[in-house]
Each structure stands twice: as C-alpha cells, then as structure tokens.
Amino acid sequence: MPEHTRVLVIGSGPAGLTAAIYTARAQLRPIVIEGEPSSTTDQPGGQLMLTTDVENFPGFPEAISGPDLMARMREQAARFGADLRVEKVHRLDVAQRPFRAWLSGDEEASITADAVILATGARSLMLNVPGEERYLSHGLSTCATCDGFFFRGQDIAVVGGGDSALEEALFLTRFATSVTVIHRRDSLRASKIMQERAFAHEKIGFEWNTEVTEVFGDDKVMGLKVRDTVTGEDRVQLVTGVFVAIGHVPNTTLVTGQVELHDHGYVRTGPGSFTNVEGLFAAGDVQDDIYRQAITSAGSGCVAAIDAERWLEAQGM
C-alpha cells in the first residue's frame with residue numbers, strides 16, 4: 001500500500017517551505033518532496049539556490065545568501081514537524097482523491113494525499129552559451145528587481161526583445177550608467193507603449209540583429225562576445241553586468257492536462273491558491289508570471305497552506 005499523508009507539498013523553494021511551515025504548525029504533518037540536486041527544474045531550494053546576496057527579503061538588513069535563506073526556512077519547517085525528503089515526483093495523478101504521487105521513477109514508491117500543494121516554481125530561459133553558467137550570480141542575472149541594486153554605476157546589457165526585457169531595462173536605469181538592449185532581430189516584440197518608453201530613455205541603447213555567443217570575464221563578468229545575425233561579424237561588447245530576459249517557463253509537467261493553465265502555461269488559481277481541481281492548491285512561481293519574488297512566493301505559500309487547512313477541515317479530513 002502507498003504511504004498516505006493529509007498534505008503533500010511538492011517543491012521546496014520559498015513557496016513550498018512556507019507552506020510546509022504553516023501546515024506543520026497546524027498539525028497536518030505534511031510530507032515535502034524537495035526535488036533532486038541533479039535536477040535543473042526542481043532542485044531543492046528552487047532558484048534562490050543560484051542567488052548570492054538577497055537584500056530585499058524582510059528581516060535581513062545585512063543581506064543573506066540565497067542558499068542560507070533556504071537552509072533557514074528548511075530548518076524551520078523541520079522544527080515544526082514537516083517530513084522533508086530529497087526526492088523527485090515524476091508522476092502525479094489528481095483525477096481522483098486521494099491524489100497519488102510516484103517518486104523518483106520507482107513505480108512501487110508512491111504517496112497518496114488528501115490535499116496537494118504544488119510549488120514546483122518556474123525556470124528562466126537561458127542563452128545556453130559558453131560562460132553563462134559560470135557567471136550566473138557573478139555578474140549575470142535573470143532578475144533585475146532582485147539584483148539591479150548591485151550594478152550601481154555600471155554599464156550593463158539586457159538580452160531580449162519582449163516586454164520583460166524592456167521592463168528589466170527600464171528598471172535598471174535607476175542604477176546603471178548605461179543599459180544596452182541586445183536583440184537578435186531588427187525590431188522588438190514588446191508592446192508599443194513599452195517600446196516608446198525604452199526608445200525615449202537617455203540611458204537605454206540598442207544593438208540590433210545581434211546575438212550573444214559567449215559571456216567572458218575573470219571572477220566576474222567583463223563582457224560579451226556577440227555576432228551580427230546579418231553579416232556574421234563577431235565582436236566584443238564590454239559590460240560588467242548581463243541580464244537575460246528571454247522568458248520563463250513554469251514547471252507544470254506534473255499537472256499538464258489535469259489542471260487549468262493560463263495561456264502562458266502557468267497554473268490558474270483563484271480565489272486564493274485554489275485550482276479548478278478540488279484539493280489541489282498552487283503557490284509560488286508555478287502560478288505567478290508577474291511578480292516572481294521570494295517574498296511573494298513565500299506569501300503565496302502561506303495562502304496555500306491556510307486554504308488547504310480550511311478545505312480539509314470543511315471536508316472532515
């Protein structure tokens with residue numbers, strides 16, 4: 001017989017661990033499937049494990065590293081009785097209750113749950129060029145709101161051509177000396193109003209028909225190797241910061257075809273963390289394509305935990 005729990009939390013970023021803290025304090029004894037260290041989509045701790053200093057999470061005036069913040073959340077969840085497991089859910093069935101999750105590719109290892117909180121997060125699309133992985137969090141970022149403050153007085157580049165890229169570029173003008181938008185085409189995909197704002201800003205310049213082929217530096221980013229997509233000419237773009245803004249992909253593989261999604265693939269929730277499947281709740285970046293911050297993810301994890309607790313009580317479970 002599969003193991004059973006009242007609440008199964010899938011994911012261990014800020015949303016998942018906050019949900020674990022709240023459900024554990026409510027005496028629901030949640031099982032938390034954290035993910036696997038080798039996974040690129042659901043590693044334990046989520047995207048904050050790739051972040052150096054976090055300065056905008058309340059309670060840490062001197063900043064805290066992403067891994068340290070997640071370690072503290074994990075310790076807090078464990079202290080209240082959450083059962084944290086470094087495993088991966090490879091299949092989830094929410095067609096009938098209790099729901100059932102299969103772990104780590106083993107058909108014999110499964111857990112049933114009265115309620116599931118999905119907190120699998122999202123991942124940033126990357127350029128997949130040499131140097132990108134090495135300089136992530138060392139001059140290369142995927143979140144201007146998170147890291148822009150660290151690039152005061154610097155010349156930086158934003159790679160992308162959609163609304164997200166221009167939003168990042170406009171935000172970064174608060175800190176940077178100059179912001180260069182690098183786009184592989186000769187026109188932007190962004191909305192007209194965003195284009196007008198970016199074109200009008202004195203700090204923002206554009207490199208058209210340009211693709212990044214390499215990120216280089218020493219301990220930190222020093223520049224980019226780029227190629228003209230029309231002529232094939234290679235050259236160097238000297239910058240000390242790079243923001244990749246070519247999109248995000250929510251980690252919804254487990255529930256695709258089972259739950260209602262937005263057009264961009266994020267889980268549709270509301271009111272609160274409720275999905276269209278009774279007993280299935282979603283929190284964090286898997287359902288948030290607007291804010292994508294550690295603090296908003298943590299807040300949505302709290303919402304999901306309270307929603308799940310009240311729903312279980314109403315069901316008499």
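Is C143 buried or exposed? At 15% relative accessibility, C143 counts as buried, where buried means under 20% relative accessible area, exposed over 50%, and partly exposed in between, with a 1.4 Å probe and protein chains only. Before I go on, please keep in mind that this is a predicted model, in which local features need pLDDT of at least 70 and side-chain atom pairs count only at pLDDT 80 or more, while totals for chains, interfaces and linings use all residues. Residues are numbered from 1 along each chain as its sequence is written, and side-chain values use heavy atoms, with hydrogens and water left out.

Let me stay with that cysteine. C143 forms a disulfide with C146, the two sulfur atoms lying 2.2 Å apart, and the criterion here is a pair of cysteine sulfur atoms within 2.5 Å. The link is right-handed, with 70° about the S-S bond, and a search of the whole structure finds one disulfide.

Next, helix α5, which spans residues 163–172 and is mostly covered, since seven of its 10 residues are buried; helices here are DSSP runs of H or I with at least four residues, strands are runs of E with at least two, and both are numbered from the N terminus. Among the buried residues of α5 are L166, E168 and F171. What covers them includes α4 (144–147), β11 (155–159) and α6 (192–200).

Now to the salt bridges, of which the structure holds eight, each being a side-chain nitrogen of Lys or Arg within 4 Å of a carboxyl oxygen of Asp or Glu. R85 pairs with E3, their closest N and O atoms being 2.6 Å apart. This pair links distant parts of the chain, with R85 in strand β5 and E3 in strand β1, 82 residues apart. R85 counts as buried at 17% relative accessibility, whereas E3 is partly exposed at 35%. E3, D83 and R85 are linked in a network of salt bridges.

A further salt bridge joins E34 and R74, with 2.7 Å between the closest N and O atoms. E34 lies in the loop between β2 and β3 and R74 in helix α2, so the pair ties together parts that are 40 residues apart in sequence. Here E34 is buried, with a relative accessible area of 4%, and R74 counts as partly exposed at 33%.

Methods: Contact means heavy atoms within 4.5 Å.
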